[in-house]
Amino acid sequence: NTNGGTRKSSKFAVDGELLEVSSPMPNPYVFGDDLYFITGVPRVVYRVNTATLALEMSDYEVENQYQTEDGTVFANRIENGMSRLYVRTAQGEEKLFSGEDESVISPHYTNAYVFYQAFKLDGKEGQYDKLYLYRVDLDGKNKVLVKEMLVAEMSGDIMYDNEHVYLPLNESAYYKINKETLE
């Protein structure tokens, strides 16, 4: 519980296999009061039932969700092998937030912006040699290309803190970009 009491634990099984020994390692995320695990290839999303601690199959296309302070919900969905970013307003309207030709990875949210990385896709053929980092206002306006990167030159994942975005150049060097000024 949020007050630190009533701790429960469980070992989850998926198709008879414990999640802790499944490959690849399950990726957890929290949305609302629910805990989700993403596991397997193809990716499958499970929700933890808080009463029984059992795993329940979730909307398998939802890869990640985030809710802003005003009730707007962002959801990563897998469609035809592409990861798309959708937005659902507090009024229930849902629309594509990312571009039609983008396969989105690792969205990051602030109080004012959505940062996301994307590969550009041309029909069914993707261009996976370049990765594009964008910043977009929460309302979907003012989309700015922050940086275009060659995947072969990246040495790790893009990271974020409260003020900056860090783009890996090698194992010990990063581009440090201010989230507001983009300098």
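This is a short tour of one protein chain, stop by stop.

The model is predicted: local features need pLDDT of at least 70, side-chain atom pairs count only at pLDDT 80 or more, and totals for chains, interfaces and linings use all residues. Residues are numbered from 1 along each chain as its sequence is written, and side-chain values use heavy atoms, with hydrogens and water left out.

**Whole chain**

Start with the cartoon. The chain has zero helices and 17 strands. Both are DSSP runs, numbered from the N terminus: helices are H or I of at least four residues, strands E of at least two. Now show the surface. Of the 183 residues, 38% are buried. Buried means under 20% relative accessible area, exposed over 50%, partly exposed in between (1.4 Å probe, protein chains only).

**Salt bridges**

Seven salt bridges are present. Each is a side-chain nitrogen of Lys or Arg within 4 Å of a carboxyl oxygen of Asp or Glu.

Select Arg-77 and Glu-94. Their side chains form a salt bridge at 3.2 Å, N to O. Arg-77 is in β8 (residues 73–79) and Glu-94 in β10 (residues 94–96), so the pair ties together parts 17 residues apart in sequence. Arg-77 is buried at 12%; Glu-94 is partly exposed at 37%.

Next, select Asp-101, Glu-102, Lys-120 and Lys-143. Salt bridges link these four in a network. Center on Glu-102, which is buried with a relative accessible area of 0%. Lys-143 comes to 2.6 Å from Glu-102, taking the closest N and O atoms. Lys-143 lies in the loop between β13 and β14 and Glu-102 in β11, so this pair ties together parts 41 residues apart in sequence. Glu-102 also meets Lys-120, at 3.8 Å, N to O. Lys-120 sits in β12 (residues 113–122).

**Positive phi**

Select Asn-142, in the loop between β13 (125–137) and β14 (144–150). Asn-142 is not a glycine, yet its phi is positive, about 55 degrees. Asn-142 is exposed, at 53%. Then jump to Leu-182, in the segment after β17. Its phi is also positive, near 60 degrees. Leu-182 is partly exposed, at 23%.

Finish with β15, β16 and β17. These three strands form an open antiparallel sheet in that order. Strands pair if DSSP finds at least two bridges between them. The edges are β15 (159–160) and β17 (174–178), each pairing on one side only. Two bridges join β15 to β16 (residues 164–168). Select Met-159: its bridge partner in β16 is Tyr-166.
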